[in-house]
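Visitor: Hi, I have a structure here that I have not looked at before. Could you walk me through a few parts of it?

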Amino acid sequence: MMLTVLCSSFTFRTSARAGSTFIKAQGQTTSTQKNTLTRSLSSLSAATMPEQETCVSHPDFETVKTYMVKEYGCTGTLYKHKATSCEVLSLRSADTNKVFGITFTTPNPASTGVAHILEHSVLCGSRKYTTKEPFVELMRGSVNTFLNAFTYPDRTCYPVASQNTKDFKNLVNVYLDAVLFPRCVKDPNVHAQEGWHLEHENGELTYKGVVYNEMKGVYSSPDSLSSRESQRSLFPDNVYGTDSGGDPLDIPNLSFDNFRQFWEEKYNPGNAKVFFYGDDDESERLDLLTSYLNDYAAEYGAKPNTAKVEWQPKKFEEPVEVRSTFPVGETGGKDMVTVNWLLNDEPMSSVEGLKLNVLDHLLMGNTKSVLRKSLSDSGLGEDITGGGLSDELLQATFSVGMKGVGAPEDGSEENINKVLKTITTTLEEISARGFDEEDVKASMNAIEFQLREFNTGSFPKGLSLMLGSISGWIYGNDPVENLEFEVALSQLKAQLSERGGEVWKDAIKEYLINNTHKSIVIMKPDPELEKKVVEEEKSRLEQIKAGMTEDDIKEIERKMNELKQLQAKEDTAEDIATIPTLNKEDLETKVEEYPIEVIPDFDGSGVTVVENIMPSTSGVIYTNFGIDVSDVDLEDMPLLPLFCRILMETGAGQYDDVQLTRRINTYTGGVSASFLSTAVKEEGVSSDVVSDGSKMVSKIFIKGKATAENAGEMFDIMRLVLTESNLDSQDRIVEMLKEAKSRSEASVKGSGHSLVNTRIKARLSTGGALEEMIGGFTYLETLKGLLDMAENDFPKLKARLESMKSKILAKSKCRDGMVLNVVAEDRVREEADGAIKAFLNELPGDSSPTEKFQNFYTTDHPWAVEAKKKICDLKNEAFVVPTQVNYVGSGGRLYDEGESMPGAANVVARYLRTGYLWDTVRVIGGAYGGFCTLGASSGLFTFLSYRDPNLAITLDAYDGAAAALLEQAENLTAEQLQTAVIGAVGDLDPALSPDQKGSTQFRRWLSGENAEDRQKQRDAILSTSKEDFIAFAKKLQGLKDLSTAVVTSAGMAEEAIKSGKEMDVIEVL
C-alpha cells in the first residue's frame, strides 16, 4: 500500500468508502529511453526540509523513533504517551498549512452504522465546549482549510487544518475534547438526532435521523448498492462484510446503550493514532495533546487497545455468484455486473503494493488501459464499474464490470455472460503475451511523476500524508512506511530490469486468474423495488405500533417533543463563549495577489501569453492553452464536452488512441481537455454590479504539465490533439455518449441538489439557461438525442463536429482568441522558452489575424443573445426518480440586473446557511444537508437540501427563512457578527499549491477582475455591520420570481401536492 494523493474536500461529515492508497494517474499519456525518463523525473525538485530536524523531548512521552521523510520534505518523530499508550506521529515541515488528525480503529460486526453515527455525534458538544454543535460553531467562525470527519469500514478519522496557528490550536482543542469527552454518550437525544428515533404524528410512526436519512439516499443509488454487494460478497467472515455507514434496515437496531458502549470500547487513547504536520512548534503540540490525554487517564484510566480487524481468509474454492436488485422507474433499466477479487489474506510488502498499483494503472488507469478499453470497446454496456484496485484497508480488492448491460430481445443473460467472458479473455491474453513494454514505461512514468510532484491542490498535503500513514499504521505497520516510496520504487525497477514482462504475467495469474476467492455480482433493475421498500418500512412501523400500549406511544411523543425543543433552543451566551475563536485583528486584511505578466502577441505569434512565475513549482511547468469557441453555433454548444473527450481519446495524427495515451503518460504528468464558459466583469462597470451573464468568455482549454526538458513533447501533444484529432471513430464516440448519459442519470440521484439549483437559475438568467443546456436536466435529454444520432446517423453527427472544428480553427481568426497560461519557476520557464515559442508559432491560423473576435467584456456573447430566448418558464417542477430521499430547491432573484450587491451579502448568506438552514433543515428536519447559494454576479439566491426526508416541510422552512433571519439580525450580538465575518474571510483564503496560485491569478485576469475589485470586496466583508444583516433579511423577504425544483419520488411528490404544493411532475428515469 502506498500514499494517496487526494485533491478534493468534503461538504459534509461523511462515511468514507475504500479506495486506493496509491496515486491513480488522471491524465492521459509514450516512449522515451529509460535513462531520459529517469533523468527527467529526477529533475523534480525536492521539497524544502524544515529547519528543526531534531525531535523534542517531553516528560509525558516516550520517543519511539525518528524519521527523515526525504520524499516529502519532512522530519518526524513517533511518540508514545506514557499514561495512555497513545501513539503520536509528529511531522515537521515548512508547510504553513498545519494538519492535525486523530484516528480510532472502529470495526463493527453489524450494519447498525454505530461508527458513522458516533462520528456525527461526538461533534455535538463536549466537556469544555458546551454548545449544541461546536462543529457548526467552527464552521461559522474559523479560517480552517479543512474541517471534517469521516468513517471507513474499520476506522474513524477526525482531521483539521489551518494556516493560522491560533485557529489551528482552537480546532485541535475542540476536536480532542469532542472525541475524548463527548456529550453524546450521556445525552440520548444526540444519538436520536444524528442516528435514529421514532416520531408519532397524524397517527403514524416514522423513522427520523440524520444518518438514517443519509443512508436511505445511499441505498437509493444503484452504484452504491452494487458496491455494497461486492464488498459483502468478498468478506463473509470479517467486518468488511458489514456496512460501516449503516443499513437503513439495521440502523434502528442500534440502542443508546450499545452506542455508548462502542464509544467506551473504541474511543480510548490506547486505540488512537494522533498525527501532526506543519510548521508549528512541536513542544506546543505535545503540551496541548498531553493535557487531554492526562485528563482522560485521570477520569477513565488507561485502557488496552482491544480493537482489531481480523483477516478474511481466501477460502472460496470457486467464484461466488450474488444476485440483487436496484430501483428504477417505470420505464425500466438495464443490468449491472461486477467481478471482484480478494487479493491478499496476509500482509503485503511495499514493493508488492506498488506493483499492484502499477498493474492497476496498466489495466484500468485510463480509458486506453487494456482491460478498461476491452470492456468499453465491447459495446456491451454503457459504462465501466468497479474502479479497479482498492487497497486502503487491511486487505486489497480488485473490481471491474459494466453497467447499462442490455438484455437481448429474448431477455436472456447472454450479454452478462459476454461481459464476464471479455474480462476473463482479456486477462488470460495479457498473462500469456504480457503488456507492451512501452505501456509499462508509460504507466511507471505516470505514477512516479505524481509521487514526486505530490500535488494535492487545495487539499492539505499533510492530510494526504496522514491518510497514507494511517492506512498501514492502524494495522501495526510503521507509520512512515507508506510515505517512503523510493525503496519500493527502486526494488520494482530492479525486478523489471531482471525479469521484464514476467513480473506482470505472474502478478495477473496470482492475483486474478488463479485466484478463486472471487465473486460475480449481478444487479437487476426492479421497477417495484422503491415501492416495496416504502411498504416494508410502513409495515414494520405498523407492527411496532401494534405492539405498543397507549403509554408507549405517549412516551415516544414525549421524547419527540423533548428532542424538538432541544433542537429549537438557542445556545446561551455562556455556552457560545466556551468555543475558542479568532478576533478580527487575527485576520489578514489584504488580498493575496500572485505574480502575473500578460504578453499580447507573444514572439509575434498573435497569441496572448499569461505568465505566473512562482518561487517554486518543484521543477514542473504547468500550462493551460485556451482556444475561443464563441463562433460555434449555440445548438452545437452541448457538443463541446464530447468534442473535448474526442480530442484526448480517439487518437490524433499518426497515433491511434492507445499510442496517444501512451505518449502522454510517458512524457508528461498528464494532458487533458475541458470546456469553460463563464461570465466576466463588464468593462467600466463596478465589480459589485449584478449582470445577467451575457458578458462571458467561452473556450476550450488543453492543460498539461511536464518537466522542463519534456516541455517540447508536451506542447507537441497539445498541438497534435487540437489540430489532428480523429473525428471518425463512431464506436468510441458512441461509447463516450453512453458513458456521459449513464453518469448524468446517476447524478440525478447522487447530486440532485446541483441539478435543481441549475434548473431554478435557468428560469431567471441567460447564464442559468446556458448552464442548463450544458449540465442540467435539459443536457440529459440532449445526450439521449446525441446518442441516438451517433448510433443511427453518424455522418450527421460527424458533420456537426467537423463544422465546429473548422469554426474553432478558422485560419483568419483563431489566434486572436488563443491564450497560453504558463505557471513555472524562473529556471523552468527559461528552459522551456524555446518549446513555448515553437508551439505558438506552429499553431494553426495566421499570426496576424485579419478577423478579430468581439470584445466579450463590452458586448453580449452571441450564445447569450440566443439563450435569452431559451430561458425556462417560471414554474415549479418535481423531477421524479426511484429514490427514498429528496433534493429540494427553491429560489429567485434577490438583486436586480444593474443593482449593486454589497460584499456583506456574502457574510449574511453564509450566516443563514450555517445557522437557520443547518438547524431547521438538517438538525430538526433530518436532512443530510441544508444550505443556500448566492450568485456573486447574477444576484440569484437559492435554497437547497441534500438527502432530505421531507419535501413540503422543507419548502415551508425556506418560506420562513427571511423572517427568522430578520429576527436574528435585529438581535445580533457583536460576538455573532465577528464570528460571521471571520468565517466569510476564511472562505476567501484557501491554501493553494504554487500551480493553483498561478491558475487562480489567470482566472482572475480572464474574468476581468482587478486587484482593486478584490480588495474592495474583502474590505466590504470585513466591515459588515448589523445593519447589513437587517437589510439583507428585508431584501430576502422580497425575493422575486420565486420558483421550486425538486428531485423526489412519485409517492413523495404526490404527498406534497396533496399538502398544497403546486408543481408539474416530470419522470426522469
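Visitor: How many nonpolar, polar and charged residues are in the lining of the largest cavity?
Guide: In this predicted model, the lining of the largest cavity has four nonpolar and five charged residues, and no polar ones.

Visitor: Which residues are they?
Guide: The cavity is lined by Phe168, Lys169, Val172, Phe276, Asp280, Asp281, Glu284, Arg285 and Leu288. The elements that give two or more residues to that lining are α4 (165-180) and α9 (282-300).

Visitor: And what volume does the largest cavity have?
Guide: Its volume is about 60 Å³. Rolling a probe the size of a water molecule over the atoms is what shows where empty space is left.

Visitor: Why is β4 called largely enclosed?
Guide: Strand β4 covers residues 87-92, and five of its six residues are buried, so the rest of the structure largely encloses this strand.

Visitor: How does β3 run against β4, parallel or antiparallel?
Guide: Strand β3 (residues 74-81) and β4 run antiparallel and are joined by six bridges. One of the pairs is Lys80 with Glu87, the latter being in β4. The hairpin of β3 and β4 has five residues between the strands, and Ser85 takes a positive phi near 70° there.

Visitor: Now β5. How many of its residues are buried?
Guide: Strand β5 (residues 98-105) is mostly covered, with eight of its eight residues buried. In a regular strand the side chains alternate between the two faces of the sheet. In β5 both faces are covered, with Lys98, Phe100, Ile102 and Phe104 buried on one side, and Val99, Gly101, Thr103 and Thr105 buried on the other.

Visitor: Which strands does β5 pair with?
Guide: One of them is β8 (residues 155-162), which pairs with β5 in the antiparallel sense over eight bridges. Strand β11 is also joined to β5, by six bridges, and these two run antiparallel as well. Phe104 takes part on both sides, standing opposite Thr156 in β8 and having Ala272 as its bridge partner in β11.

Visitor: Thr156 is 88 residues from Ser244 along the chain, so what separates their C-alpha atoms?
Guide: The C-alpha atoms of Ser244 and Thr156 are separated by 9.9 Å. Ser244 lies in the loop between α7 (222-234) and α8 (256-266), and its side chain reaches the backbone oxygen of Tyr152 at 3.4 Å.

Visitor: Why does Ser244 count as buried?
Guide: Ser244 has 10% relative accessibility, so it counts as buried, the cut-off being under 20%.

Visitor: What about Ser471, where is that?
Guide: Ser471 has its place in helix α14 (residues 461-473), and with 0% relative accessibility it counts as buried. A polar atom of the Ser471 side chain lies 2.7 Å from the backbone oxygen of Gly468.

Visitor: Last topic: which residues does UniProt list for "coiled-coil region"?
Guide: The unreviewed UniProt entry lists residues 531-576 under that name. Over this stretch the chain is 85% helix and 0% strand, and the end C-alpha atoms are 45 Å apart. Over residues 523-786 the chain is 48% helix and 16% strand, with the end C-alpha atoms 27 Å apart.

How values were computed: Residues are numbered from 1 along each chain as its sequence is written. This is a predicted model: local features need pLDDT of at least 70, side-chain atom pairs count only at pLDDT 80 or more; totals for chains, interfaces and linings use all residues. Side-chain values use heavy atoms; hydrogens and water are left out. On a 1 Å grid over the protein atoms alone, a cavity is a set of points where a 1.4 Å probe fits but cannot get out, and a pocket is an open set with protein on both sides within 12 Å along at least five of seven lines; lining residues have an atom within 4 Å of a point. Grid points are joined across faces, edges and corners, and a volume is the space filled by probe spheres set on the points. Helices (H or I, at least four residues) and strands (E, at least two) are DSSP runs, numbered from the N terminus. Ala, Val, Leu, Ile, Met, Phe, Trp, Tyr, Cys and Pro count as nonpolar, Asp, Glu, Lys and Arg as charged, and the others, Gly among them, as polar. UniProt positions are given in the numbering used here, feature names are shortened, and annotations may be inferred rather than shown by experiment. Buried means under 20% relative accessible area, exposed over 50%, partly exposed in between (1.4 Å probe, protein chains only). Two strands pair if DSSP finds at least two bridges between them. A polar contact is a pair of N or O atoms within 3.5 Å; within protein, one must be able to donate a hydrogen and the other to accept it, and residues adjacent in sequence count only if both atoms are side-chain atoms.
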